[in-house]
Amino acid sequence: MRIFRFKTNIFKSDQEKIAEILGQYKGMRWKIDFESKNNILQVNGYGITAQKIIVSIKAAGYECQELEF
C-alpha cells in the first residue's frame, strides 16, 4: 500500500466534491487534516500514483502539492 500526502487548499465545505473526484479510484482511502494550516490530504491505496491524484484535484480547481515524508 502506498501512502501519499499533499498540501491543498481544500476546505470542509469541499469534502463532498473531493469524495466524488477521489471515488473514481477504487481501493483507496483518504482523509483531510483540517487542523493543519496546509489542509493535508492523505491518500492510502494500491495502483494509484501521486501524479494521478494531483491532476484530478487540480482539474477540479484546487491546489495540490505532494509532500515528502
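Trp 30 has Val 43 as its bridge partner in strand E3. The model is predicted: local features need pLDDT of at least 70, side-chain atom pairs count only at pLDDT 80 or more, and totals for chains, interfaces and linings use all residues. Residues are numbered from 1 along each chain as its sequence is written, and side-chain values use heavy atoms, with hydrogens and water left out.

Strands E2 (28-33) and E3 (40-45) pair in the antiparallel sense over six bridges. Strands (E, at least two residues) and helices (H or I, at least four) are DSSP runs, numbered from the N terminus; pairing requires at least two DSSP bridges between two strands. Ile 40 in E3 is the bridge partner of Asp 33. Six residues separate E2 and E3 in a hairpin. In its turn, Asn 39 has a positive phi of about 45°.

The sheet is open, with four strands in the order E2-E3-E1-E4 and antiparallel pairing. E2 and E4 (64-67) stand at the edges with a single partner strand each, so one side of each lacks a neighbour in the sheet. Neighbouring strands are turned by 25° against each other on average, direction ignored. Axes are lines fitted to C-alpha atoms, for helices over the stretch in contact; angles run from 0 to 180 degrees between N-to-C directions.

H1 packs on the sheet, touching E2 and E3, and its direction makes about 155° with that of E2. Contact means heavy atoms within 4.5 Å. In H1 (residues 15-22), Ile 18, Ile 21 and Leu 22 are buried (under 20% relative accessible area; exposed, over 50%; partly exposed, in between; 1.4 Å probe, protein chains only). The buried residues pack against E2, E3 and helix H2 (50-59). Glu 16 and Glu 20 are exposed on the face of H1 turned away from its buried side.
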